[in-house]
Amino acid sequence: MARSLRSQYLTFALGIGALLCALIGALLLYDHRVDSKEFNSTTFNAVQQKLDADLQHRARELSAQASPQLAAALGAGNTREIQAIPTRLFQDHDVLRVEVRSPDNQVLFAADAAQPAAAISPPYVLDTPVTYITPRTHTLQNANLRIWMSQASVENALGGLSEKIQGQQAYHLRQRLSVFAGVIIPLLTLAAIGAWLIARSLSKPISALVRTANRIGEGDYSRPLDVKRRDELGQLQDAIERMRQNLRETTITKNYLTTVLNSLGDAVFVTAPDGLVKSSNQAAQQLLGFTETDITGKPLLSFIDEAHRASFDLTLTAGESRETVIRTASGQTIPVSMAAAPITTEDPQFQGHIYVARNITERKRAERRIRYLARYDTLTKMPNRMQFQHLLQQAIARARRNQRLVALLYLDLDRFKEVNDTFGHAAGDRTLEIFSERLTRNLSKEMVIGRLAGDEFALFIDALPADIDNRANLSTLARTLLDEIGRPFYVNQEEVYLTASIGIAMCPHDAENVIDLIRNADAAMYHSKQNGGNSHAFYVPDMNAAAVERLMLKSKLRRALERDELVILYQPKVDLRDGRVIGAEALLRWRLPGHGDIPPLQFIPLAEETSLILEIGEWVMNRVCGDYREWQRVVAQPGRVSINLSLRQLKQTSFIARFRAVFRKHDVSPTSFELEVTETTLMTDPKRTVRLLNELYSMGLHLAIDDFGTGYSSLSALQQFPISTLKIDQSFVRDVAIDSDDAAIVRTIIDMGKSLEMEVVAEGVETREQLEFLRKHGCFLAQGRLFGDVMDAASLLAIFAEQRNGPAHFAQLCGPARAALSAG
């Protein structure tokens, strides 16, 4: 650095000196040329005038000498003498031509020099009149003697004079330049030496400043700078030293930040505002398979798989997490969850974004596994009830568009329980596998078959013509199935014969939707079973007395609110670690006189078909908030109460305002309540639902997904909602202790809930084995009949009051596991 500074100073000094030399030299040369031009012009003109006068004088002398001789020769008519006159004149080398002309300007005689002198200027011409007496007439005659004189001698004399003058002037110029060089070269030398000394005096402190600045740039603030100078450079040294001290006290070193970023398990990318990567941590390099050099300076978008670049947004909102796919150096694609945050600073060099990418490959596999386990029966590899209903719904929609029919065959094995009781569940499962293989083998690819329950199956055929009677073909198919089922099954080397009952219903003749179609086919199947089984029957309206009851319930439901027939019961939510009741779920019941308690599954669908669900929902909110307010008079913090939320309530325009009004009316905090929403409700209108749930969440309400695992949405799609709790559907919990598939589903949901920092609540816990399984795998919140039947508000308050100063209400039930957990 110091050598470079000296070189710059020397170059600058020499450059200035050379420029001054060039200017002074140019001035000297210009002055010399001006003086030389004036001197040459004056001298040359004077000499030229003198030489021209001499030439003219000689011409007159030659003419004066030759005129008498020519007059005599002309008067005598002596031709020889006339010719001799030019010869004598040509003795002067400057004479080019001699002419003698008569008075009428006729050439009497002319002669040219044998070797005329070459000249650039035109010759000088002299005319001399000659008078002579003719010999015959003795009269006077006039003639003219013309002599051409060459100016070659004049030009030669002038040329020699010019060369002599230029030589003298060049000599004088050399003398002046020598004097100039003798003065300027020592001055330039002194200037260079001075510049070198000045640069040398500055190079050492500047080098020290550079080294200190480099150390500060690398994050090393430990070595102080020695300040000795008292000039402006010393002030700069002092300023840098103060900056070092301030940075040492306030700044985290780059090495420390690098260590922190490299300790993260997630990939971190820091980009400029234009999307170019400025830095990355080791996790990012390992994820992509590139070195830091390969990543730095490239657009972050270049690492996104080409198929996902169009949907990738570089301006992700802070706090949001979006999924995308990256492509590694080896060409492998990896799904990641990408979160971004802007780097807020006024310094342009630090502006940009920081992106955090998490490898979600395992989560995606778990989601696919959950989706498969939730939609397909693992024993028979057939669609389960949920998936079958979904496929049937699609088939009905296609048939409606194409004006075709859909036929549903509902099949139930007769007395299959005897196989399980006699040979065991393993033999029964093997029998169902063989049974499903036979059905699949005897059905065409266009038919869809599913397992709806243990020994209940269904299949549907779509695209049937609507203008003919399809009953004969359907009866043939049913008999074929019954014949195939009637073939012997070999169980533990024993022949077992089975029969089945089949019910057939068609859409739209017998029903127009999935639920009604399955219900009517099921009714026809029971009709066959009541007739001895091993037969099939087509649905007729008389088979389904439940339809009449449904209409009756719908009419009576309209008056249920007026007659105060609805009641709220509570199912305690228990902490399995100590048996403490930490909250409850509010359950709606309809106590219809003469019918007893009607469960929500029977009347809620009826209420959703009309606007009654809105009135019922508001009634539930008021009743639960009123109960909660009464509990707070005894127990300050009763716990969190869950309330089910329907799709129709979410669609209500004044939904948020009504909730706020209810909380204000009863003076309760929204943080004490949790709204349970099903996956189907969430995904009906995701954009609007996200906005509504975000408003509820901002009010302090907790949000839970009810019956998780039974819907069609992926966990990735559900992440956009502000959900804090997952509730495992009781259909998975029911056989969790004896069914490996259900156990796998429950374990996966628990692990996924933990990874997303969500609470996981198990529903429908009825046995001690289920409780132990849940606690063993880290699910510590549960509700179900194991903890007693649902209860009214007063009974639940008694439990809260009992726990306020005493032991947990279910401490004895949860005691052994608690001891085991403590021992672990």
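**Strands, cores and cavities**

User: Over how many bridges do strand E1 and E2 pair?
Analyst: Strand E1 covers residues 95-101, and its pairing with E2 is antiparallel. Strands (E, at least two residues) and helices (H or I, at least four) are DSSP runs numbered from the N terminus; two strands pair if DSSP finds at least two bridges between them. For E1 and E2 the number of bridges is five.

User: What kind of model is this, and what limits apply?
Analyst: Residues are numbered from 1 along each chain as its sequence is written, and side-chain values use heavy atoms, with hydrogens and water left out. Local features need pLDDT of at least 70, side-chain atom pairs count only at pLDDT 80 or more, and totals for chains, interfaces and linings use all residues; the model is predicted.

User: Which strands stand at the edges of the open sheet of four strands?
Analyst: The sheet has the order E2-E1-E4-E3, with antiparallel pairing. Two of the strands have a single partner strand each, so one side of each is left without a neighbour in the sheet. These are strand E2 (107-112) and strand E3 (124-133).

User: By how much are neighbouring strands turned against each other in the open sheet of five strands?
Analyst: The order here is E6-E5-E9-E8-E7, and the pairing is antiparallel. Strand E6 (277-280) and strand E7 (321-327) are its edge strands, each pairing on one side only. With direction ignored, the average turn is 30°.

User: Which residue takes a positive phi in the hairpin of E5 and E6?
Analyst: Strand E5 (residues 267-271) is joined to E6 by three bridges and runs antiparallel to E6, with Val270 opposite Ser279. Five residues lie between the two strands of the hairpin. The residue with a positive phi, near 90°, is Gly275.

User: Which residues have the most contacts inside the largest nonpolar core?
Analyst: A nonpolar core is a set of buried Ala, Val, Leu, Ile, Met, Phe, Trp, Tyr and Cys residues joined through side-chain atoms within 4.5 Å. Buried means under 20% relative accessible area, exposed over 50%, and partly exposed in between (1.4 Å probe, protein chains only). The largest core has 90 residues, and those with the most contacts inside it are Tyr570 and Phe673.

User: Which residue in E21 stands opposite Ile643?
Analyst: Strand E21 (residues 673-678) is mostly covered, with five of its six residues buried. Phe673 is in contact with residues beyond four places in sequence, including Val641, Ile643 and His702. Strand E20 (residues 640-644) pairs with E21 in the parallel sense over four bridges. Opposite Ile643 stands Leu675.

User: What is the bridge partner of Val677 in E22?
Analyst: E21 and strand E22 (residues 702-708) run parallel, joined by five bridges. In E22, Val677 has as its bridge partner Ile705.

User: Which elements give two or more residues to the lining of the second largest cavity?
Analyst: The elements that give two or more residues are H17 and helix H19 (655-666).

User: Is Asn45 buried or partly exposed?
Analyst: Asn45 is found in helix H1 (residues 2-76). The C-alpha atoms of Asn45 and Leu158 are separated by 9.5 Å, although the two residues are 113 apart along the chain. Because its relative accessibility is 37%, Asn45 counts as partly exposed.

Terms used: Contact = heavy atoms within 4.5 Å. Axes fitted to C-alpha atoms, helices over the stretch in contact; angles between N-to-C directions.
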